[in-house]
Amino acid sequence: MPIGEGDSGPFVQDIQEELIKAGYRLPRYGADGHFGEETENAVMRFQKDYGLAVDGLVGPITLNKLQEVNHQRVSASDFPLPTGVLKRGSQGEAVRQVQRALKQINFNPGTIDGIYGPNTEDAVRRFQSMYAALADDGIYGPNTRKYMRMELDD
């Protein structure tokens, strides 16, 4: 400790997986076990978002916060997900349910207002980009629901 740019190995891969789980994408290299610029940028964004010292290094404070963020245990029953298809322009309680679930799994959709606007669409798209099986189209449907349920239960 601390872990930073240039480090590599299984511990770096664990950190990268925790970052991805917390909603910090590593689109170029993913959890490859090499702490490069992409990982450093994700660490810095995480540190900024959680009010930590922004240095791009993973020391005990950053690591503890990352684990705390990812291990706040909730169950899917606390966040019921609607069935059907929701997309930009949709409104109502079903949209609010999706927005609350997105916020819980660290894909902040902005204001939980029941309006499926550009922020909600973007949060859904960011979530979808984590899974090859999902189209990154920003539309909430049965497949996206299945993966969101899995994240809520994780």
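## Helix packing and a pocket

Helix α2 (residues 37-49) packs against α3 with the two axes 11 Å apart and at an angle of about 75°. Angles of 65 to 115 degrees count as roughly perpendicular, so α2 is roughly perpendicular to α3. Keep in mind that this is a predicted model.

Who meets whom here? On the α2 side we find Val-43, Phe-46 and Gln-47, and they meet Thr-62, Lys-65, Leu-66 and Val-69 in α3. Sorted by class, the residues of this contact are 4 nonpolar, 2 polar and 1 charged.

Helix α3 (residues 60-70) also has helix α1 (residues 10-21) as a neighbour: their axes come within 9 Å and cross at roughly 45°. That angle makes α1 oblique to α3. The crossing of these two helices is left-handed. From α1, the contact takes in Phe-11, Ile-15, Glu-18, Leu-19 and Lys-21, while α3 brings Leu-63, Leu-66, Gln-67 and Asn-70.

| α2 and α3 | 11 Å apart | about 75° | 4 nonpolar, 2 polar, 1 charged |

What is the volume of the largest pocket? It is about 270 Å³. The residues lining this pocket include Tyr-24, Arg-25, Arg-45, Asp-49, Lys-103, Phe-107 and Arg-126. By class, its lining has 4 nonpolar, 3 polar and 5 charged residues.

Methods:
Residues are numbered from 1 along each chain as its sequence is written. This is a predicted model: local features need pLDDT of at least 70, side-chain atom pairs count only at pLDDT 80 or more; totals for chains, interfaces and linings use all residues. Side-chain values use heavy atoms; hydrogens and water are left out. Axes are lines fitted to C-alpha atoms, for helices over the stretch in contact, and angles run from 0 to 180 degrees between N-to-C directions. Angles under 35 degrees count as roughly parallel, over 145 as roughly antiparallel, 65 to 115 as roughly perpendicular and the rest as oblique. A crossing is left-handed if the near helix is turned anticlockwise from the far one by less than a right angle, and right-handed if clockwise. Contact means heavy atoms within 4.5 Å. On a 1 Å grid over the protein atoms alone, a cavity is a set of points where a 1.4 Å probe fits but cannot get out, and a pocket is an open set with protein on both sides within 12 Å along at least five of seven lines; lining residues have an atom within 4 Å of a point. Grid points are joined across faces, edges and corners, and a volume is the space filled by probe spheres set on the points. Ala, Val, Leu, Ile, Met, Phe, Trp, Tyr, Cys and Pro count as nonpolar, Asp, Glu, Lys and Arg as charged, and the others, Gly among them, as polar.
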